[in-house]
Amino acid sequence: MLFNSLEFAIFFLTLFVIYWQITSVALRNVFLLTASYVFYGWWDYRFLGLILLSSCVDFSIALAIERSDSPRRRWWLLCACLCFELGMVGFFKYFNFFIEEANTLLLTLGFAPHLTTLQIILPVGISFYTFQTLSYVIDVYRRQMPAEYKLINFLAYVSFFPQLVAGPIERATNLLPQFRTLKQFSEPDCVAGLKQILWGLFKKVAIADRCAPIVDRIFDSYTEQSSPLLAVGAVLFAFQIYGDFSGYSDIAIGVARMLGFRLMRNFNYPYFSRDIAEFWRRWHISLSTWFRDYVYLPLGGSRAGRWRSLANIFVVFLLSGFWHGANWTFIAWGFMNALYFVPLYLAGTNRRHLDEIGGDRWWPTGKESLQILGTFTLISIAWVFFRAESIDQAFDYLTRIAGCTFRVPGVSLAGDLIALMPLMVFFLMIEWHFRHQQFPFERPGTHPAVTWVFSLLTGVIVLASGHLQATFIYFQF
Amino acid sequence: MPRLFKRLFAFLMLLGLCLGAAYLITGYAAGNHRLATWRLKHQRLAALTGPRIILVGGSNLHYGMDSELLQSTLQYDVVNMGIQGGLGLRFMLAEIASSIRSDDVVILLAEPALFSRIPLDGESTLYELVSKVPEAAQFLTARQLLAGYRFLGPTISENWNYVSLLVLMRLYGRPTILEETNVFGDYEGHRDRKSSLRPSQAEPPGDEMSPAALDLIEGFQNSVEQQGGRFLVGFAPLAESYANFPALRVLEDQVPPHLRLGKIINSVLPDSCFYDTPHHLLFEQRGPRTRQLIADLRAAGVQTRPRK
């Protein structure tokens, strides 16, 4: 069930009305759990068993950790949990990748390998909910939070449908306590949630889904395209993946807010970043902070000496790339981002831009514009690796951009680009104007008429683009 | 919660109005679209005074008919109403039903898909047409009008894309399809163009006539005959690699014999005769096809009228 589908609209409207009629926390959680399983089972009901098993294992292990006073026993329980969860992700997501790579390696070494791959279907959202439950068990192990004693609460937390399949990867410390309190209906929250859903839909269907066919056409025939068009393809992919993923996050946060839940922010206008370090504080915040808290800091972070810290940075970025999928292109993407980040770290300027960009000005200064442009260029280059079928293809694509070949694009492709341009301008202007808010239209003091006009305009654009109805890129991760 | 739903309802109502306005405004801006040839064709249909040959069908007619040759040979006034199959059979017949006069010959030259795969009530194309030519809405049934809400968004999107394309076509100095359609309603912009049709690799579809399509045709036939006209059903040209011969013969047999015009096998031609789709003939293939139609019409008893 896609967020940008009529079936989800009907599903959510029904759920919303019933949910607020229920006056008991326990019943609400049972209802939410059922709804979440229906939502998840809509893709493939067979994976419901997997999520249930994963949740029950983590629930039991966390309880056992909490009840144990033996550090050794607690440690082994944590290891068992990590092995189970990471083993599950490893099997479903990386098994074939490792088999294929092992075959290649053995072949190179002169052996005749007979390792066979399996036909494995990747369960939707497995990387997201696994990381979510892992953080819970680790937090319990660290005694940063008490274990949850009610299974229904825990199951509802893991499978909470707005963020189940593509995040934000919620921490138990933030989300789990929200399942213990009886929330009161709040109209302002519902209206704010609706606005955020609307903006998320705009980013998904009007930006990402309109960029997608152009990007596909350029990447599929990149050997026949001119340099400027290849550059346009890379830039549009940057917007496609941002619109797609942040659009999903906005819808998820908005939907949760309408049910009285507060999810963490996942994107903070990342393309207005002045350097890569700032970009990574603004992009996929729930994943980057997860890696910071559960990988980077336990490895010693930046306090483990210069060389060790550098190694930690590379480990985190490479893992972040590998988390996205079993392909060298994702690892190369992570590696490039590490390369971008390291100079800032060595110069001690990676925390230079902690202030809000642009202050209260209407436009960025010349210096800020250049910084934003430079950062965006670097990011777009890295995205080429993310989008390409192979590392060779990515290098070839980038070489062709640098080759400076010029050709007038066909009328059809150029027409699509012109059709997209006003939407992009509208999108960037709105994002820039509301960059200090969590999402557009949230600015206090905005005249209601302005909000209505913007909302109606956005609604018309969404409905005019809604028929494209493509799936979300991050579902595959 | 009731207050929230009231606000939401008000927003949705306003959104509906805005959507309707955007539908018409973008349709007006895209008024140069090939679907706008509908207006030209209807102006000609109304202006002709003598007995007429009215050609009805999809884009096969727009691209592949030499109406001038047909008119000069048979001495009937000819109007080519063909625009696109997506308008659906019901609309194609309804839009001419009230204009038929005594001695008119109405010829349906339909792509096989019009009888089965394309819904009788038409596809999104129908609502794209109405946004560009609002007066076309008078030929829609109430059910078709009600079904239109699903196509408001996609049509706005299509219009928006077309307006962008139009800007480029002006920059590139290229004429539009509307501008390259002659007074009879025939497209001429593919003159001197080569075939870009790729042979089909897929299993050709089998199109059988749906009972509803047959009812529609028979009902229309009665209506035409009551008004003193004649109705015939022929077949659109079809590229060989896209033809499912056994299915085509079944389709031919389903057309009532007294309405049938020509043999379906004669409409199947080598792929090299087609321009860009398996129904769009190359410009130079329009003449032979029209001559075949004339021969079929004569065989069906439609003779050359005395010269005016």
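**Salt bridges, interface and helix packing**

Mentor: The structure holds 25 salt bridges over all chains. Keep in mind that this is a predicted model.

Trainee: With which side chain does the side chain of Asp189(A) make a polar contact?
Mentor: Asp189(A) is found in helix H8 of chain A. Set aside its neighbours within four places in sequence, and Asp189(A) is in contact with Arg257(A) and Arg262(A). The polar contact, at 3.5 Å, is with the side chain of Arg257(A).

Trainee: Turn to the two chains. How much area do chain A and chain B bury between them?
Mentor: The contact takes 29 residues from chain A and 25 residues from chain B. Carbon and sulfur atoms carry 79% of the buried area. The total is about 2400 Å².

Trainee: Which residue of chain B forms a salt bridge with Glu187(A)?
Mentor: Between chain A and chain B the count is two salt bridges. In the one made by Glu187(A), the closest N and O atoms are 3.0 Å apart. Its partner is Arg7(B).

Trainee: Which helices of chain A each supply at least two residues of the side that touches chain B?
Mentor: Take the stretches 6-21, 187-220, 411-433 and 448-465 of chain A. In that order, they are helices H1, H8, H16 and H17.

Trainee: How do the residues on that side of chain A divide into nonpolar, polar and charged?
Mentor: Two are charged and six are polar. The nonpolar residues number 21.

Trainee: Now chain B. Is H5(B) roughly parallel or roughly antiparallel to H9(B)?
Mentor: H5 (residues 89-97) and H9 (residues 211-226) of chain B have axes 11 Å apart. They pack at an angle of about 10°. Angles under 35 degrees count as roughly parallel, so H5(B) and H9(B) are roughly parallel.

Trainee: Which residues of H9(B) make the contact with H5(B)?
Mentor: H5(B) brings Leu89(B), Arg90(B), Leu93(B), Ile96(B) and Ala97(B). The contact divides into eight nonpolar residues, no polar and one charged. From H9(B) come Ala213(B), Leu216(B), Ile217(B) and Phe220(B).

Definitions and conventions. Residues are numbered from 1 along each chain as its sequence is written. Chains are lettered from A and ligands numbered from 1 in the order in which they are written. This is a predicted model: local features need pLDDT of at least 70, side-chain atom pairs count only at pLDDT 80 or more; totals for chains, interfaces and linings use all residues. Side-chain values use heavy atoms; hydrogens and water are left out. Contact means heavy atoms within 4.5 Å. Buried area is the accessible area (1.4 Å probe) that two parts lose on being put together, summed over both. A salt bridge is a side-chain nitrogen of Lys or Arg within 4 Å of a carboxyl oxygen of Asp or Glu. Helices (H or I, at least four residues) and strands (E, at least two) are DSSP runs, numbered from the N terminus. Ala, Val, Leu, Ile, Met, Phe, Trp, Tyr, Cys and Pro count as nonpolar, Asp, Glu, Lys and Arg as charged, and the others, Gly among them, as polar. Axes are lines fitted to C-alpha atoms, for helices over the stretch in contact, and angles run from 0 to 180 degrees between N-to-C directions. Angles under 35 degrees count as roughly parallel, over 145 as roughly antiparallel, 65 to 115 as roughly perpendicular and the rest as oblique. A polar contact is a pair of N or O atoms within 3.5 Å; within protein, one must be able to donate a hydrogen and the other to accept it, and residues adjacent in sequence count only if both atoms are side-chain atoms.
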